[in-house]
Amino acid sequence: MTERILSLDVSTKTGWALLVSSDSGADLEAYGQEPPISMPDGPYPEAFVDWAYACFSKIVDLIDRLHPDVLVIEETASGSKSIFSQKILEYIHFLLAKLIKESKIKTCYLMTEVWRREVGCVMTKEEKEKNKAVRDYKKKVLKETGKKTTIAYDKNGKRIGLTGRKHVNVRRANEEFGKFLRVPLRKKDEDTADSLMLAFCYHARRMKKV
């Protein structure tokens, strides 16, 4: 038995992946990220409603075109987003939830920390050591000059930066799906990477019959 999994990292530039899951493994059939959609002109909240519908219509197009058996969706979570950034996400998610209710399509929602943990999106020893080196360098500059710096260099003079969660997600997506990708994913492809790992989490659960 196979399942066509459409995973969605819902936003105004939704990342998505179509994974065909079977007992013999998983094949990545298609993936991508929708172009960013800007808020239309108009008063609040009418403009937000129109904006949400514009973003939602792209998701509907994906569902109609790819014919998934199941949707895997990253659940919303409050964090560093502004109140309006969070609000547009909730508007889009409401429209998607309404579609799910009306169509009865099989759906699985996953919290960010849950799917990251289950698919091994954790920092390596090397990534942790590099982050420590970046922080130590910045502390040293502050101590010696009394000024903060936004850049850091390693002992060979090469510029280095902090590795964050999104970097880890991109690395893991490349590790798991590299053979399917046209080119390796980069930081700018973080939404696509998230959608790939969302689908992979569902596939892994399916293999374990969770």
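This is a predicted model: local features need pLDDT of at least 70, side-chain atom pairs count only at pLDDT 80 or more; totals for chains, interfaces and linings use all residues.

Start by selecting Phe177. Is this residue buried or exposed? Phe177 is buried, because its relative accessible area is 2%. Here "buried" means under 20% relative accessible area, "exposed" means over 50%, and "partly exposed" is what falls in between (1.4 Å probe, protein chains only).

Residues are numbered from 1 along each chain as its sequence is written, and side-chain values use heavy atoms, with hydrogens and water left out.

**Aromatic pairs**

Now for the rings: the whole structure holds 8 aromatic pairs. Rings of Phe, Tyr and Trp (its six-membered ring) pair if their centres lie within 6.5 Å; planes under 30 degrees apart are called stacked, over 60 edge-to-face, and the rest tilted.

Select Tyr137 and Tyr153 together. They make an edge-to-face pair, 6.1 Å centre to centre with 70° between the planes. Tyr137 sits in helix α4 (residues 125–145) and Tyr153 in strand β6 (residues 152–153), so this pair links distant parts of the chain, 16 residues apart. Helices (H or I, at least four residues) and strands (E, at least two) are DSSP runs, numbered from the N terminus. Tyr137 counts as partly exposed at 28% relative accessibility, and Tyr153 is partly exposed too, at 33%.

Phe177 lies in helix α5 (residues 165–177) and Phe200 in helix α6, so the pair ties together parts 23 residues apart in sequence. Phe200 counts as buried, at 17% relative accessibility.

Click on Glu190, which is found in helix α6 (residues 190–207). Leaving aside neighbours within four places in sequence, Glu190 is in contact (heavy atoms within 4.5 Å) with Lys166 and Val170.

**Along α2**

Next, select residues 83–103, which form helix α2. This helix has 21 residues and reaches 30 Å from its first C-alpha to its last, close to the 30 Å expected at 1.5 Å a residue. That expected span is 1.5 Å times one less than the number of residues.

Colour the buried residues of α2: Gln86, Ile88, Leu89, Ile92, His93, Leu95, Leu96 and Ile100. While you look at their spacing, remember that an α-helix has 3.6 residues a turn, so residues three or four places apart point the same way. What do the buried residues of α2 pack against? Show β1 (3–9), α1 (46–66), β4 (70–74) and β5 (106–110), and you have the answer.

Most residues other than glycine have a negative phi, and most peptide bonds are trans.

- Lys104 follows α2, in the loop between α2 and β5. Its phi is positive, near 65°, and Lys104 is exposed, with a relative accessible area of 66%.
- His67 is not a glycine, yet has a positive phi of about 50°. You'll find His67 in the loop between α1 and β4, exposed at 54% relative accessible area.
- Pro45 lies in the loop between β3 (25–33) and α1. The peptide bond from Tyr44 to Pro45 is cis, with omega near 5°.

**Zoom out**

Finally, show the whole protein as a cartoon. How many helices and strands does the protein have? There are 6 helices and 7 strands, running β-β-β-α-β-α-β-α-α-β-β-α-α from the N terminus on. The C-alpha trace spans about 65 × 50 × 30 Å along its principal axes. Of the 210 residues, 41% count as buried. Among contacts between residues at least 6 apart in sequence, 64% join residues at least 24 apart.
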